[in-house]
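Open the model in your viewer and keep the selection tool ready. Each stop below says what to pick and what is there.

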Amino acid sequence: MADPLKQFQIEPYVPILVGNADLSFTNSSLWMVVSAGAVYGLVMLGTRHHAMVPGRLQSVVELAYEFVADLVRENAGKEAMRYFPAVFTLFTFILMGNSLGVIPGIFTFTSHIIVTFTLAMGVFLGVTALGFWLHGWRFLSFFVPPGAPKLMIPVLVPIEILSYCFRPISLSIRLFVNMMAGHTMLKVFAGFIIALGIFGVAPLAVNVALTIFEIGVAFLQAYIFTVLTCIYLHDAIHMH
Amino acid sequence: MARKDRSPPSFEEFDAKLDKLRRQRGAPRKGRRRRGLTAADGMQAGIEIVVGIIGGGLLGYGLDGWFGTRPLLMVVFFVLGSCAGLLNAYRHLRRAGLLASGEDGETNGDAA
């Protein structure tokens, strides 16, 4: 019976040791490179002809562009379109990583908490730095909710700061949990198929349904990650 | 009778007209808010609460180890962390349109 957690194991393909740090090129790194390359290739190939009436591939790229642009404009405001390239990169990277992972045999790099946590911390630190850069020390007034009675402020401010600092944790955990749970379930049901013999059609049907569900989850989780990034961006730019 | 040749409106004129009409009609808000609450919203709120509670406790525990004030800081941060988690969950749900805030969820800051 297959071990459902073995699929998450990290295999170093090219061991690289810098002092004490293990910077090996692993299966996770490989699929990150493949994801980024696939997105890059898709966008580059799609926009190769600059056609006014887009062909199929260009339509796909334009659809992705419009989708993320609408997201940014609606959730972060028109001024936030300056940060659109970063948000688009984030969205397509996560989407491609999640989607590639649905294909059997391909490693899902977003199913590791350290990967999703790094992405979330990147967003968190970037948005916080942006807030300080745009507003200076006045950005700290973001933690004093408007209309709060003066006496409550010493209690409210630590709560606000904590709630701000918990954002990257919840952001990363959601993506990680969805990906890991989905793939674990796929593996568990797949293990039942051969073991049940003729009745293995039942877990097979479940797996078919689960795979379709996982494709939806891949898109939905990338979408939610990006929406929340836009909302945090809005908070940093507009401070309310 | 020769028709007057009207050049097509410039982009600025068109945008201005569109904005005016939008404001008059009350532009329908796009996005998932129209579809109501999804399972993802529920999961998001749940995760925020749990992260708040556990994160607050762990943070307090760690700070206690640093300052040696066991168990005071752990209790304080547990409480603060749970409040922070609940606050996050409340804000997400309000943004998703569940809890009334006078208008259709929180304003999203779009300039249009």
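The buried residues of α4(A) pack against α1, α6 and α7 of chain A. Buried means 20 or more other C-beta atoms within 10 Å of a residue's own, exposed means 12 or fewer, and partly exposed lies in between; C-beta atoms are placed from the backbone. Contact means that two such C-beta atoms lie within 7 Å. Helices (H or I, at least four residues) and strands (E, at least two) are DSSP runs, numbered from the N terminus.

This is a predicted model: local features need pLDDT of at least 70, side-chain atom pairs count only at pLDDT 80 or more, and totals for chains, interfaces and linings use all residues. Residues are numbered from 1 along each chain as its sequence is written, while chains are lettered from A and ligands numbered from 1 in the order in which they are written.

Now select the buried residues of α4(A): A:V115, A:T116, A:L119, A:A120, A:V123, A:F124, A:V127 and A:G131. How far apart are the end C-alpha atoms of α4(A)? They are 32 Å apart, which agrees with the 33 Å that its 23 residues should span at 1.5 Å a residue. The expected span is 1.5 Å times one less than the number of residues. Step past the helix to A:G136, which follows α4(A) and has a positive phi, near 65 degrees.

## Zoom out to chain A

Show chain A as a cartoon. It has seven helices and four strands. Along the sequence the pattern runs β-β-β-β-α-α-α-α-α-α-α. The C-alpha trace spans about 70 × 50 × 45 Å along its principal axes. Of the 240 residues in chain A, 31% are buried. Take the contacts between residues at least 6 apart in sequence: 63% of them join residues at least 24 apart.

## Select helix α1

Pick residues 27-46 of chain A. These 20 residues of α1 should span 28 Å at 1.5 Å a residue, and the end C-alpha atoms are 28 Å apart, which agrees. Color A:S28, A:W31, A:S35, A:V39 and A:G46, which are buried. Look down the axis of α1(A): the buried residues fall within an arc of 75 degrees, so they line one face of the helix. The arc is that of the directions from the helix axis to the C-beta atoms. On the other side of α1(A), find A:V33, A:G37, A:G41 and A:M44, which are exposed. What covers the buried residues of α1(A)? The cover includes β4 (25-26), α2 (56-76), α3 (84-102) and α4 (113-135) of chain A.

Select α6(A), with 29 residues. From first C-alpha to last it reaches 43 Å, close to the 42 Å expected at 1.5 Å a residue.

## Finish at chain B

Show both chains. Here 19 residues of chain A are in contact with 22 residues of chain B. On the chain A side, α2, α5 (153-165), α6 (167-195) and α7 (201-238) each supply at least two residues.
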